[in-house]
Amino acid sequence: MRYYKLEQQKLRPVTYRWAVLGIYLSVQLMGMFFLFIPKLEGLPAGQMGDAMFSTWSGLLGLTTALHFACFSVFAATLAAKLVVKEYCGAGVEVLLSYPVARRRILKAKCAVFCTMTVAAAALNNSVTMGGMYLASRLFQAPPQMDVTGFPLVVVLVSLLMGVLSAVAGLVAAVVGWKKRSPVAAVVGALLLVCCTANGIPCAPRYILWVMLGMACVFLLAAALLYRVLARWIEGMEV
C-alpha cells in the first residue's frame, strides 16, 4: 500500500479529473444524440439501426464502446507516465537502484493506473446511462426495455468495460517500453481499440455476456503481458 501511494503521488490529480470530466461530458452529449435519433430520423421499426438506437441495450452498447475507446487512451496516458517515461527516461538508474524488488514497484505502478481507470470508467458509464434515463423520462422518449434487471446490467457492464480499458493501458505499457516511446504506448492502445471496440455493441441483448467473454480474454492476455514486462524490467542493468 505504501508503494501504491508513492506512485499515486507522482500524478497530478487535477489534470486527470478534468480529463475524466471531459470524457463524461462528451459521451453524455453523444448519448443524448443517440437517444433522440429515432425521433429525429423517423426510422421505421424493424431496421437494425432502429434496434440499436431505440432499445436500452443498444444504447448501452454504444455508450460503453465510446467509453472504452476514451478510457483506453486515458489508461495508456497513465501507463506512459508511470512506466514508459520512468523506465525509459534519464532517471531510470535511480529507479533501478532502489533497495526494493523491481517487480514490487512495477506492481504498484500497474495497480495505480488500473484502479484509477476501472473506477473512473465504471462511474462515467453508469452516470451517463442514468442521465440518458432521466432525459428519456423528461422528454417522453423512452427506448424499449429489452433486458431484465437493466440497472444491474449497466453496473456490471461498466465494471467490465473499466477492466478492458485498464488492460489496454497494460498493453500500452508493453508497447511503449519495447519502443522506448510514450507516444508508441498511446498508439498501441488506439490500435487495440480499433480492433476490439466494434465487438461491444455487436449483440446488444447479450452485451453482458459479450463483455464477460472479452474480459476473460483480455485478462488472460494481461497476465501474460505483465509477466513479460516484469521479466524485461528485472533484466535491466543499472
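**Notes on the helix packing and cores**

1. Let's start at Lys5, which is partly exposed, with a relative accessible area of 48%. This residue sits in helix α1, residues 2-9. Please keep in mind that the model is predicted. Across the sequence, Lys5 and Val112 are 107 residues apart, yet their C-alpha atoms lie 8.4 Å from each other in space.

2. Next, have a look at helix α4 (residues 56-88) and helix α9 (residues 207-234), which pack at an angle of about 10° with axes 15 Å apart. Angles under 35 degrees count as roughly parallel, so α4 is roughly parallel to α9. On the α4 side, the residues involved are Leu60, Gly61, Thr64, Phe68, Val83 and Tyr87; they meet Ile207, Met211, Phe218, Leu229 and Ile233 of α9. By class, this contact has nine nonpolar residues, two polar ones and no charged ones.

3. Several of these names return in the largest nonpolar core, which has 65 residues. Those with the most contacts inside this core are Leu60, Phe68, Val83, Leu106, Phe113, Met211 and Leu229. At least two core residues come from each of α2 (13-41), α3 (48-54), α4, α6 (102-138), α7 (150-179), α8 (182-196) and α9. The biggest contribution is from α7, with 14 residues.

4. Phe68 deserves a click in your viewer. Setting aside neighbours within four places in sequence, Phe68 contacts Met161, Leu164, Ser165, Val193, Thr196, Ala197, Ile200 and Phe218. There is also a second, separate core of six residues, among them Val84, Ala172, Ala185 and Ala189.

Notes:
Residues numbered from 1 in each chain as written. Predicted model: local features only at pLDDT ≥ 70, side-chain atom pairs only at ≥ 80, totals over all residues. Heavy atoms only, no water. Axes fitted to C-alpha atoms, helices over the stretch in contact; angles between N-to-C directions. Helix = DSSP H or I, 4+ residues; strand = E, 2+ residues; numbered from the N terminus. Parallel < 35°, antiparallel > 145°, perpendicular 65-115°, else oblique. Contact = heavy atoms within 4.5 Å. Nonpolar A, V, L, I, M, F, W, Y, C, P; charged D, E, K, R; others polar. Core = buried A, V, L, I, M, F, W, Y, C linked by side-chain atoms within 4.5 Å. Buried < 20%, exposed > 50% of the residue type's maximum accessible area, 1.4 Å probe, protein only.
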